[in-house]
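Please examine the sequence and the coordinates together before reading on. The account below is meant to be followed with the structure in view.

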Amino acid sequence: MAESVEVLITASILPSYAHPGDAGADLHSAQALVLAPGERALVGTGVSIALPDGFAAFVVPRSGLAFKHGITIVNAPGTVDAGYRGEIKVTLLNTDQTSPYAIAVGDRIAQIIIMPVSRATFIPVDRLPGSQRGEGGFGSTGLNRHISTGTSTSGDNQ
């Protein structure tokens, strides 16, 4: 059973979950605008929240807007800390190369996910402990790696 958390909110349109079990609640635009191809804009949602300590909100793109219209969020996920009380705004980007995209007041433009978060204690050391992965980063596991044998089926490790 998922834990529920009470979030104090002021909003012109309340965020809402489209389906039972959804992780993200839809955020709506509080302003009308047109995003030209390649243009980005900071779009208000009319939503301000007070999260309890130990929680954060993450603002993420809507998959339908991204796929159908090329609309995404520049800094996805955007992080809303528990202490922030201002309006949640979304930096939208139109990645479409030819078509502008019109946004009306009330349009669903992003989703917000509320999650518990841990605070880390950072401990300076001269050396980190080893791990199986080590320093391997971007692309270090190759393409189509078969998990049970650990061998690459693509013939390369890029």
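The paragraphs that follow move from the overall fold to the core, then to individual residues and the pockets.

The structure shown is a predicted model. Its secondary structure comprises one helix and 13 strands. Read from the N terminus, the order of the elements is β-β-β-β-β-β-α-β-β-β-β-β-β-β. Among contacts with a separation of 6 or more, 66% are made by residues 24 or more positions apart. Of the 158 residues in the protein, 26% are buried.

In soluble globular proteins, nonpolar side chains tend to be buried together. Here the largest nonpolar core contains 25 residues, and I49, V59, I88 and L92 have the most contacts inside it. For I88, the contacts beyond four places in sequence are with L27, V43, G44, T45, V47, I49, V59, V80 and I112. This list includes I49 and V59, which are themselves among the residues with the most contacts inside the core.

One of the partners of I88 is T45, a residue in the loop between β4 (40–44) and β5 (47–50). Is T45 buried or exposed? With a relative accessible area of 1%, T45 falls under the 20% cut-off and is therefore buried. A polar atom of the T45 side chain lies 2.6 Å from the backbone oxygen of I88. Neighbours within four places in sequence aside, T45 is in contact with S12, L27, H28, A30, E87, I88, V90 and I109.

I9 lies in strand β1 (residues 8–11). Because its relative accessible area is 34%, I9 counts as partly exposed. Beyond four places in sequence, I9 touches L14, P15, V47, S48 and I49. Of these partners, I49 is one of the residues with the most contacts inside the largest nonpolar core. The C-alpha atoms of I9 and L51 are separated by 8.9 Å, although the two residues are 42 residues apart along the chain.

The backbone deserves a separate remark. Most peptide bonds are trans. The bond that joins A76 and P77, however, is cis, with omega about -10°. P77 is located in the loop between β7 (71–73) and β8 (78–80).

Rolling a probe the size of a water molecule over the atoms shows where empty space is left. The largest pocket holds about 510 Å³ of space. It is lined by 19 residues, of which S4, V5, V7, Y17 and I114 are the closest to its centre. Strand β11 (108–116) and β5 each supply at least two lining residues, and β11 gives the most, with four. By residue class, the lining of the largest pocket divides into 16 nonpolar, one polar and two charged.

The second largest pocket has a volume of about 190 Å³. Its lining is formed by D53, G54, F55, A56, F58, T79, D81, A82, V117, S118 and R119. Which strand gives the most to this lining? That strand is β6 (residues 55–60), with three residues. The lining of the second largest pocket consists of five nonpolar, three polar and three charged residues.

Notes: Residues numbered from 1 in each chain as written. Predicted model: local features only at pLDDT ≥ 70, side-chain atom pairs only at ≥ 80, totals over all residues. Heavy atoms only, no water. Buried < 20%, exposed > 50% of the residue type's maximum accessible area, 1.4 Å probe, protein only. Polar contact = N/O pair within 3.5 Å; in protein donor to acceptor, adjacent residues only side chain to side chain. Contact = heavy atoms within 4.5 Å. 1 Å grid on protein atoms, 1.4 Å probe; cavity = no way out; pocket = protein on both sides within 12 Å on 5 of 7 lines; lining within 4 Å. Points joined across faces, edges and corners; volume = space filled by probe spheres on them. Nonpolar A, V, L, I, M, F, W, Y, C, P; charged D, E, K, R; others polar. Core = buried A, V, L, I, M, F, W, Y, C linked by side-chain atoms within 4.5 Å.
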